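I opened this entry to record what I looked up, one place at a time. The sequence and the model come before my notes.

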Amino acid sequence: MDHHQVQIEGLTRVVNFIDRKRGDESENTRLLSSFREQFPYQIKEIYPIRNHVFKINTTKGAFILKGYSSYSHLKLQEAFTASLQKEGFHKTYSYFQFDQDPIVYKNNFYGCLPYIEPHHRSFSFENEQERHEGLNLLHEFHQVTKNSVQRYQTVLAEFNIQKKWTERFAEFVHNIPAVSKYIPKEIIAKWINWANWSLEGMNKYCTSIEKDHPVILHGDVAHHNFLRKKDGKLLLIDFDLISIGSNHIDLLQYANRILPFINWELTQFYHYKNFIPLLSNPVYIYALVYPTDLFREWNRIIREGTEKHPYKLQMVMNQSLLMVKLRQQFNFDLMKLVSS
């Protein structure tokens, strides 16, 4: 079998692999062909990772192709990651720049990132040392981006947490008939009470958020956006949701992510020095009570119709039901802090 036949068979296997993921042979064949025509290096293999994100193996090494809905969004991501590197934050990636037009497929504009070989052990909030490490990395990111706010004020929105959470709450209330098929109504009623109490207090003290020194917020500090390289170095990745706001907004989100792993214990919360400012300002105490994670996940699962997917449904139900009493005690302790 000659080299040409080997290459054709390899490409056929790639197409078949994508077909199993996407279920549309003709579309994926066109995608593969389009990437091969536009990419400056010869593509040997291509693998879908998630929607509009692909790993490609080429004659010059491995890359990630990540699609954006607009050319301006792609250019913003390229500029922002380049400025991070220039200003001394090297614990992330930067885009490759090619002397050609951007790669385009079906109205998505693709940027090219280096493929970073991951560590055999993924970053996890389950590990206390890694929780601290991730929090320190986020602090480093904020220290750098606070000097970039003025430069990005015309292209990035200011994050309004009250508006976002009010909209999330309204969507959840609309979804209550569907959620109540799986979650007892008395538990849903607790969530509603926490949300009302939280938003009322946040609106009362909202000026204290506005006075905080702004930074560029990451906006999605989930565990999968902390990538540990093969050499052990931890990186912060995926800046699709960047905006301008108080650094405490990212800290609130990070706190919400790790609280289940410290059993919603306020005493454990104090062990994270970066969180101490949250507990000295009433607006953030109110914010910590808001069940943003529960509303987010139930809204998503109802919106996408994935409540019919047993695995995804079970994950959200576990998140909702397994720590009800612990979370209720945590919120009660926070409420006492405000009233004391």
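I am working with a predicted model, in which local features need pLDDT of at least 70 and side-chain atom pairs count only at pLDDT 80 or more, while totals for chains, interfaces and linings use all residues. Residues are numbered from 1 along each chain as its sequence is written, and side-chain values use heavy atoms, with hydrogens and water left out.

**The second largest pocket**

I looked up the second largest pocket and found about 1,100 Å³ of space in it. On a 1 Å grid over the protein atoms alone, a pocket is an open set of points with protein on both sides within 12 Å along at least five of seven lines, a cavity is a set where a 1.4 Å probe fits but cannot get out, and lining residues have an atom within 4 Å of a point. Grid points are joined across faces, edges and corners, and a volume is the space filled by probe spheres set on the points.

This pocket has 33 lining residues, and Arg50, His224, Asn225, Ile237 and Asp238 lie nearest its centre. Strand 3 (61-68) is among the strands that supply at least two residues each, and its four residues are the largest share of the lining. Helices (H or I, at least four residues) and strands (E, at least two) are DSSP runs, numbered from the N terminus.

Is Lys66 buried or exposed? Lys66, which is found in strand 3, is buried, with a relative accessible area of 4%; buried means under 20%, exposed over 50%, and partly exposed in between, with a 1.4 Å probe and protein chains only. The side chain of Lys66 makes a polar contact of 3.1 Å with that of Asp240, a polar contact being a pair of N or O atoms within 3.5 Å, where within protein one must be able to donate a hydrogen and the other to accept it, and residues adjacent in sequence count only if both atoms are side-chain atoms.

Setting aside neighbours within four places in sequence, I also found Lys66 in contact with residues including Arg50, His52 and Asp238, where contact means heavy atoms within 4.5 Å. His52 lies in the loop between strand 1 and strand 2, is partly exposed at 37% relative accessibility, and has a positive phi of about 65 degrees although it is not a glycine.

**The cavity**

I found one cavity of 30 Å³ or more, and about 40 Å³ of space lies in the largest cavity. Trp165, Leu252 and Tyr290 are among the residues that line the largest cavity, and helix 9 (247-258) and helix 12 (282-289) are the elements that give two or more residues to this lining.

**The nonpolar cores**

Which residues touch the most other members of the largest nonpolar core? In this core of 83 residues they are Trp191, Phe226, Tyr254, Phe269, Phe275 and Trp298, and helix 7 (residues 185-204) gives the largest share, eight residues. A nonpolar core is a set of buried Ala, Val, Leu, Ile, Met, Phe, Trp, Tyr and Cys residues joined through side-chain atoms within 4.5 Å. Beyond its neighbours within four places in sequence, Tyr254 is in contact with residues including Phe226 and Phe275. I noted as well a second, separate core of 14 residues, which includes Leu32, Ile43, Phe63 and Leu65.
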